[in-house]
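Tutor: Here is a structure to explore by question and answer. Look at the picture, then we start.

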Amino acid sequence: MLSIAVCDDILLECTQLAKQIRHIAKKAGWEVLLREFYTGEELLKSTASFDILFLDIKMPGLDGMELARLLRHREETCLLIFVTAVSEYVFEAYDVEAFAYLVKPITEEQLQKVLARGIEKLRRISSEFLLVSSSHVVRKIPLHDIVYIEAMGRILKIRTLRDTIETYGQIGQMEKRLGDKNFFRCHKGYLIHLKYVDTFDKTQIHMETQDTVLLAKRRYDDFAKALLLYMKKEGGLV
């Protein structure tokens with residue numbers, strides 16, 4: 001399910017763009033949840049997280065460019081698409097890592113192409129990064145930075161090379177998401193990245209970061225096999 005927002009102070013244009021997006025999504029078979037905002041302040045106050053944002057630039061009060069700068073701090077992976085009647089801000093758009101810059105009036109063909117490109121990029125991001133909500137902010141965590149994930153009830157602690165990020169979730173769902181990305185469920189409460197295994201015994205795994213995680217006895221053999229396969233694949237064994 002894609003979460004999309006359209007922000008334009010001209011109600012008719014905002015509604016029309018939203019209608020076009022829904023029409024294109026329906027034809028393409030994309031599931032979308034779309035919200036409309038008529039001021040930058042209204043969008044900024046929203047606690048919702050969006051995959052794609054369509055922003056007008058010239059709006060009273062908080063304009064689209066300043067709004068984009070504020071939102072970029074909150075949602076690093078969100079695709080920003082500017083929709084405006086003028087082309088003079090195109091270079092400023094690069095400063096906020098805009099995904100696209102569309103000049104009104106927009107044809108259905110233009111909109112379909114930019115949406116298709118955006119969805120493809122989001123799919124690539126989701127395969128290389130883990131997107132989690134932490135402290136009301138969406139965080140993009142590179143998979144290669146994750147050392148292990150620990151479950152404490154409904155809270156997941158994601159230990160990275162730099163810090164520990166807490167989010168709500170189920171470790172079983174994380175296992176399904178990361179099982180083919182060199183992660184292994186070594187214990188009911190731990191999902192580890194095989195890349196960072198240093199040493200291990202029958203009950204514990206010592207990671208290269210000096211962290212120690214539990215290893216369930218019944219999973220010892222599967223873990224040893226998984227680690228061996230990983231090392232062969234990565235050239236750690238001849």
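Tutor: First, residue classes: Ala, Val, Leu, Ile, Met, Phe, Trp, Tyr, Cys and Pro count as nonpolar, Asp, Glu, Lys and Arg as charged, and the others, Gly among them, as polar. This is a predicted model, where local features need pLDDT of at least 70, side-chain atom pairs count only at pLDDT 80 or more, and totals for chains, interfaces and linings use all residues. Residues are numbered from 1 along each chain as its sequence is written, and side-chain values use heavy atoms, leaving out hydrogens and water.

Student: Which strand gives the most to the lining of the second largest pocket?

Tutor: Helices (H or I, at least four residues) and strands (E, at least two) are DSSP runs, numbered from the N terminus. Among the lining residues are Leu-131, Val-132 and Ser-133. With three residues, the top contributor is strand 6.

Student: What is the volume of the largest pocket?

Tutor: A volume is the space filled by probe spheres set on grid points, which are joined across faces, edges and corners. The second largest pocket holds about 220 Å³. For the largest pocket, the value is about 280 Å³.

Student: Which residues lining the largest pocket are the closest to its centre?

Tutor: The largest pocket has a volume of about 280 Å³. It is lined by 14 residues, and the closest to the centre are Met-1, Leu-2, Asp-51, Leu-122 and Arg-123.

Student: Which helix gives the most to this lining?

Tutor: The lining of the largest pocket has eight nonpolar, two polar and four charged residues. Four residues of the lining come from the top contributor, helix 5.

Student: Which residues have the most contacts inside the largest nonpolar core?

Tutor: A nonpolar core is a set of buried Ala, Val, Leu, Ile, Met, Phe, Trp, Tyr and Cys residues joined through side-chain atoms within 4.5 Å. Buried means under 20% relative accessible area, exposed over 50%, partly exposed in between (1.4 Å probe, protein chains only). In soluble globular proteins, nonpolar side chains tend to be buried together. Here the largest core has 25 residues, and those with the most contacts are Ile-21, Phe-54, Ile-81, Leu-111 and Leu-115.

Student: Where does the largest share of this core come from?

Tutor: Elements that each supply at least two residues include strand 1 (2–7), strand 4 (79–84) and helix 5 (108–128). The largest share, six residues, comes from helix 1.

Student: Which residues does Leu-115 touch?

Tutor: Contact means heavy atoms within 4.5 Å. Leu-115 is among the core residues with the most contacts. Leave out residues up to four places away in sequence, and Leu-115 touches Ile-4, Ile-21, Ile-24, Trp-30, Ile-52 and Phe-54.

Student: Is Phe-223 buried or exposed?

Tutor: Ring pairs link Phe-223 into a cluster with Phe-184, Phe-200 and Tyr-220. Because the relative accessibility of Phe-223 is 0%, the residue counts as buried.

Student: Which residues are in contact with Asp-56?

Tutor: Asp-56 sits in the loop between strand 3 and helix 3 (64–74). At 6% relative accessibility, Asp-56 counts as buried. Aside from neighbours within four places in sequence, Asp-56 contacts Cys-7, Asp-8, Asp-9, Gly-64, Val-83, Thr-84 and Lys-104.

Student: What is omega for the cis peptide bond that joins Lys-104 and Pro-105?

Tutor: Most residues other than glycine have a negative phi, and most peptide bonds are trans. Pro-105 lies in the loop between strand 5 and helix 5. For the cis bond joining Lys-104 and Pro-105, omega is about -5°.

Student: What is the phi of Gln-210?

Tutor: Gln-210 is in the loop between strand 14 (204–207) and strand 15 (212–214). Gln-210 is exposed, with a relative accessible area of 69%. Although Gln-210 is not a glycine, its phi is positive, about 75°.

Conventions:
1 Å grid on protein atoms, 1.4 Å probe; cavity = no way out; pocket = protein on both sides within 12 Å on 5 of 7 lines; lining within 4 Å. Phe/Tyr/Trp six-rings, centres within 6.5 Å; stacked < 30°, edge-to-face > 60°.
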